[in-house]
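Work through the exercises below with the chain open in a viewer. Try each task before reading its solution.

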Amino acid sequence: MTRECAVLLPGVCAALADPRQPGLDDTCLEKLLDWFRRLTWFDPTVELVQDNPCLTELITSVLALPDPSPSILSFTLQLAGILASSESRFQHLQQEKLLGRLFGPEGPRGGAAWEDASVRSAWLKAVHSMVHHQPALLLLCSTGGMDVIFTLQGDPSLFVASAASQLLVHMLTFSLESETPKALSTKGCDWPACAQMIVKHIQESLQSSSASHIEQSLKLLSNLFGSCFGSCYAAWTEVLWLDIAKQIESFLLEETVQAQPLLANLLLNVARSPVFCGTEGSFWALVTSALEHLTPVQAGPLAVGLLKLCKCPQDVRIQALTVLLQPMDCILRAASQPLECAGLLDESVSDPGTVQSLLSSKTTCAGLLCQTLAHLEKLLSMKHLRVDLPCVSLLHSLMTILQFCSGFLSPTSPLGSTINRNLINCFRVQKSALDVLAALSKEKDCDTLIGSLFEVLLAYLQSPNTSPTVLKKTFQATSRWLVRLQELSCSNSQWQQTEKILEDVFVVLQKRLCSPCWEVRDSSLEFLTAMVKCLRDQKEFRQCLLSSEVLRLTENLLEDPESYVRASAVTAVGHLALIACFAPESPVTGNEYHKESIVAKLQEILSTDSEGFPRRAVISIFTKWLREGQLEDTEQFVSRVIQTVEHDLDWEVRLGGLELVEVFCSQTICQLSQCPDAPVSSAVTSCTPQNELLQVFCRAKLFGFLFGSLCDCDKPVGQRACDVLVGLRGHFYPMSTLENPQEIEDSPAGRGIAWLQRTLRQGSLAQNFPVDGGDGVDFQDPESMMLALGAVDLLELHDELNKSSDHVEESPQSLLQDILATVGTIEDNEVDCY
């Protein structure tokens with residue numbers, strides 16, 4: 001603790017303990033606790049409380065108050081817990097007889113303040129902080145603290161109940177740290193005292209007739225096995241599991257027990273323990289039983305969790321996959337009678353009637369399918385899935401679901417008709433099914449159904465009943481499958497099918513680009529951009545694109561009344577230009593898509609559009625064009641752009657301008673030094689024509705923009721500008737042979753450089769940075785800029801810009817001053833309020 005803070009602390013403690021003072025903001029109290037946590041974390045000695053007796057005086061004073069405010073009492077409890085986290089400070093507070101009065105039966109837990117949930121929560125947090133040594137554990141066990149924690153597991157406040165459960169996990173784990181698991185018995189008699197109390201409580205709760213007690217213990221067990229306990233204490237884990245396994249099994253078989261939903265999470269956390277990695281033993285038999293007896297909704301999370309485990313036995317893995325596929329199998333079988341294609345499953349894990357019943361109910365059908373589809377999407381995103389998915393049947397089932405939802409299918413079976421009625425226009429299921437459909441595009445086995453799949457996707461794209469959100473998902477799935485179609489046509493020469501599908505897609509896209517709904521226009525443009533990114537090198541795609549009306553319609557949307565649409569149109573036009581304007585092999589006939597025209601339109605948007613989104617899109621596209629080498633006369637182009645963006649009110653546009661400058665600098669250095677792909681920051685050989693480089697950068701007016709951006713009121717802009725300047729200095733001064741500021745003061749530009757250094761040190765106070773050469777600085781003079789790069793302390797500026805904006809305001813000294821100012825005990829001019 002600094003001397004300044006030690007001087008302020010007694011006044012703060014006195015103010016906190018004074019009931020006449022107005023209550024402090026909870027944020028201030030939390031920051032004060034955070035400061036004490038940092039102090040005690042690095043220093044476990046007793047000196048903190050010995051050298052600052054005001055801390056114990058504060059605790060004593062608050063305990064003496066007849067009716068302390070909940071916030072001050074909560075603060076005092078947590079402060080005491082933090083101070084007592086080391087054994088030496090714990091003993092000191094014990095000698096002062098404070099800890100028993102705070103955490104024992106005569107403390108807050110026996111008074112009226114206990115009715116406030118914040119006090120109960122603070123008591124638990126304080127105990128959690130304190131229990132890092134055996135004396136603290138003994139204090140709780142000997143003063144009835146354990147019973148209090150057990151009771152708080154069922155607290156009406158979810159925050160309190162959760163904190164109690166987490167505390168018990170911590171206490172059980174901590175009590176085992178100094179123990180060795182020698183000669184463990186399955187009866188638990190070898191557990192340390194505190195651990196034995198917790199284990200006994202768990203066992204008694206599981207056997208009680210109270211559903212809430214059973215639920216609390218199952219949650220506690222789940223947290224326990226899900227923590228480091230399950231992986232670090234293998235022997236104890238096995239003993240605990242053997243103690244409770246029979247009871248858990250009985251819950252699975254008793255269908256009336258309300259705790260069944262919690263069993264899946266518990267079993268999954270136990271399965272993650274190294275103890276149960278082997279294929280032998282009764283545990284996996286219990287998991288199998290759970291997959292059979294839990295409802296499909298309850299078993300789904302368990303099944304997908306098991307499939308993610310590396311060491312789950314293969315037979316259990318197959319059974320888990322079967323649970324997930326059962327609803328999809330039921331959909332396929334319900335779609336037609338007799339079944340036109342093979343189902344997904346040869347046999348079910350549990351009664352198929354249960355799944356059929358859930359899908360037949362309006363209230364449960366969508367929920368079950370959305371959960372199942374979400375799990376399947378997770379599996380498809382895994383790099384190494386240790387079971388084989390029946391992808392063809394799964395894709396067929398997904399198409400069937402989408403046809404049910406849109407009303408395009410008329411099933412003949414009674415079950416199919418019921419499911420059809422339940423799913424019609426169900427947007428939730430449509431979006432989930434389309435997500436899985438997109439994920440399936442990377443699976444090679446599904447090629448045989450690609451024609452039927454595009455029929456379903458095109459039907460959705462064409463239908464006026466498709467909602468904007470579902471349409472967006474359909475576009476995303478379509479773009480993924482178009483890439484797969486292109487790969488397929490390249491390998492087996494199915495050009496005609498590909499051309500027909502692309503033509504149909506562009507017909508639909510033209511219609512959607514003219515939609516009265518702005519979300520649809522926006523999604524259509526995003527889809528177009530995604531297609532261009534993936535397929536621009538494919539001849540069939542370019543032909544279909546250039547022969548359609550899409551180019552004209554997209555350019556028209558640059559003037560859309562909705563700013564989001566204009567931004568998406570800018571991005572789409574920028575990518576389309578790579579095909580229509582910049583690619584020499586496919587020029588567009590007519591006047592509508594000339595390179596100069598497109599560049600001029602985007603520059604106009606950058607300088608005149610009233611919204612930030614389109615302007616950000618323009619600067620992003622310009623940077624992309626520059627990076628891909630698609631622009632001519634880049635020096636003049638970059639100069640014109642940065643003169644526009646340096647005055648832009650949107651900081652992200654200014655940041656984009658700096659990225660453009662960075663790319664331009666890298667390319668220019670590479671071109672003039674014949675050094676391919678060198679970043680700005682790399683040192684190039686001494687033969688680099690530095691004067692020519694400096695002249696190019698000065699003519700483009702880069703330095704005024706870069707040095708001015710260092711004082712930008714938005715920190716990310718200043719940070720990026722500094723990064724670029726540091727990189728340039730690394731090029732022009734590769735051996736750190738920087739200029740001596742004292743020597744350059746005598747040069748003609750010396751006064752200007754000294755002014756520049758002083759101005760930059762003012763940081764954001766210099767927001768109106770005179771880029772036109774204030775006080776003699778010529779930002780277009782190569783010699784002056786060479787001196788500036790060598791003399792200005794850019795590394796110091798870099799450190800300042802990367803400091804947290806609150807590094808001064810949130811210092812402990814400032815915090816203590818703020819608290820004293822709030823209670824009115826110091827003069828206004830001493831305050832550092834923020």
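**Exercise 1.** Which residue with a positive phi follows α33?

Solution. G629 follows α33, and its phi is near 70°. Helices here are DSSP runs of H or I with at least four residues, numbered from the N terminus. The model is predicted: local features need pLDDT of at least 70, side-chain atom pairs count only at pLDDT 80 or more, and totals for chains, interfaces and linings use all residues. Residues are numbered from 1 along each chain as its sequence is written, and side-chain values use heavy atoms, without hydrogens and water.

**Exercise 2.** Check the span of helix α33 against its end C-alpha atoms.

Solution. Take the 16 residues, 612–627. The expected span is 1.5 Å times one less than the number of residues.

**Exercise 3.** Find buried residues of α33 and what covers them.

Solution. Buried means under 20% relative accessible area (1.4 Å probe, protein chains only). Buried residues of α33 include P614, V618, I621, F622 and W625. Their cover includes α31 (563–580), α32 (595–608), α34 (634–645) and α35 (651–673).

**Exercise 4.** Which residues touch the most other members of the largest nonpolar core?

Solution. Such a core joins buried Ala, Val, Leu, Ile, Met, Phe, Trp, Tyr and Cys residues through side-chain atoms within 4.5 Å. The largest has 279 residues; W123, W241, L306, F697 and F703 touch the most other members.

**Exercise 5.** Describe the whole chain.

Solution. Count 43 helices and zero strands. Of 834 residues, 53% are buried.

Conventions
Helices (H or I, at least four residues) and strands (E, at least two) are DSSP runs, numbered from the N terminus. Buried means under 20% relative accessible area, exposed over 50%, partly exposed in between (1.4 Å probe, protein chains only). Contact means heavy atoms within 4.5 Å.
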